[in-house]
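Okay, thanks for coming, everyone. I'd like to walk you through one chain today, so let me put it on the screen.

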Amino acid sequence: VQVAGVSLGGIDVQYERGDFYPGVFQFMWEMSLHPVTINQRHYDDNFYDKASAFSLQLSPPKVAVLTARAEEFKAALEIKEGSKLAKALRRTGEMSEVKDWGIGPVLYGSVSEWIIQDRKGLRKFNNFERLIEQDPTGQILQYVYVGDTGELDQEAGETMLREYPEVVKAVFLHVVSM
């Protein structure tokens, strides 16, 4: 889909618009299963049940979405709990009997990135910085960035690895067919 000659995503001709890459949800699920535990210095020992070590285990983290979709058009383009993406992620978690896994924070782009395409990678990186600032667990989580080669995800991922090597553990990119 293009507006005034600007591609609005969905540029991979190997798949129909709106299709998801095969295996991507299972891959994200498997990545989120890496053990996440509460940082001890943020936890009051008086409330820790030492008999059950799993009480420090967190649920698998939800998937944060760093999208180039313009926040100004959020009314039409918002990724909601009822979206096809959210439902597919939730189904993946439910197959492993985890009921509320799926979409986490969604951080949007702006109209300026749609007009000046070169800024999409920087916006996704800036959104990643916003994401790690709002870590609700009071600890630094480790991240795996999953994207494609269609909208400067490679630039965003490389910048994340360079600037936050202690936090970003890997970048996986699907090579799109144009």
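This is a predicted model: local features need pLDDT of at least 70, side-chain atom pairs count only at pLDDT 80 or more; totals for chains, interfaces and linings use all residues.

I'll start with confidence, then go through some charged pairs and finish with a surface patch.

Residues are numbered from 1 along each chain as its sequence is written, and side-chain values use heavy atoms, with hydrogens and water left out.

So, pLDDT, which is the predictor's confidence in each residue, from 0 to 100. The chain has a mean of 80, with 76% of its residues at 70 or more. Confidence is highest in helix 6 (residues 153–163), at 95, and lowest in strand 2 (residues 6–7), at a mean of 49. By the way, helices (H or I, at least four residues) and strands (E, at least two) are DSSP runs, numbered from the N terminus. Residues 38–43 also stay under 50, and the model has 10 contacts for them beyond four places in sequence; a contact means heavy atoms within 4.5 Å.

Now the salt bridges, meaning a side-chain nitrogen of Lys or Arg within 4 Å of a carboxyl oxygen of Asp or Glu. That rule gives 6 of them. One joins Glu-113 and Arg-123, at 3.3 Å, N to O. Glu-113 sits in helix 4 (residues 111–115) and Arg-123 in helix 5, so the pair ties together parts 10 residues apart in sequence. Glu-113 is buried at 6% relative accessibility, and Arg-123 is partly exposed at 22%. For the cut-offs, buried is under 20% relative accessible area, exposed is over 50%, and partly exposed is in between (1.4 Å probe, protein chains only).

Another one pairs Glu-151 with Lys-120, with the closest N and O atoms 3.0 Å apart. Here the partners are 31 residues apart: Glu-151 is in the loop between strand 5 (143–148) and helix 6, and Lys-120 is in helix 5. Lys-120 is buried, at 2%.

Which residues does Lys-124 touch? Leaving out anything up to four places away in sequence, its partners include Glu-151, Asp-153 and Tyr-145. Lys-124 is in helix 5 (residues 120–133) and is buried, at 4%.

Last, the surface. Met-31, Val-144 and Phe-172 form a nonpolar patch with about 220 Å² of accessible area together. Patches take residues with over 30% relative accessible area and no salt bridge, joining like charges within 9 Å and nonpolar side chains (Val, Leu, Ile, Met, Phe, Trp, Tyr) within 5 Å. The areas are Shrake-Rupley with a 1.4 Å probe, and for residues only the protein chains shown count as cover. Phe-172 is in strand 6 (residues 168–174) and is partly exposed, at 35%.
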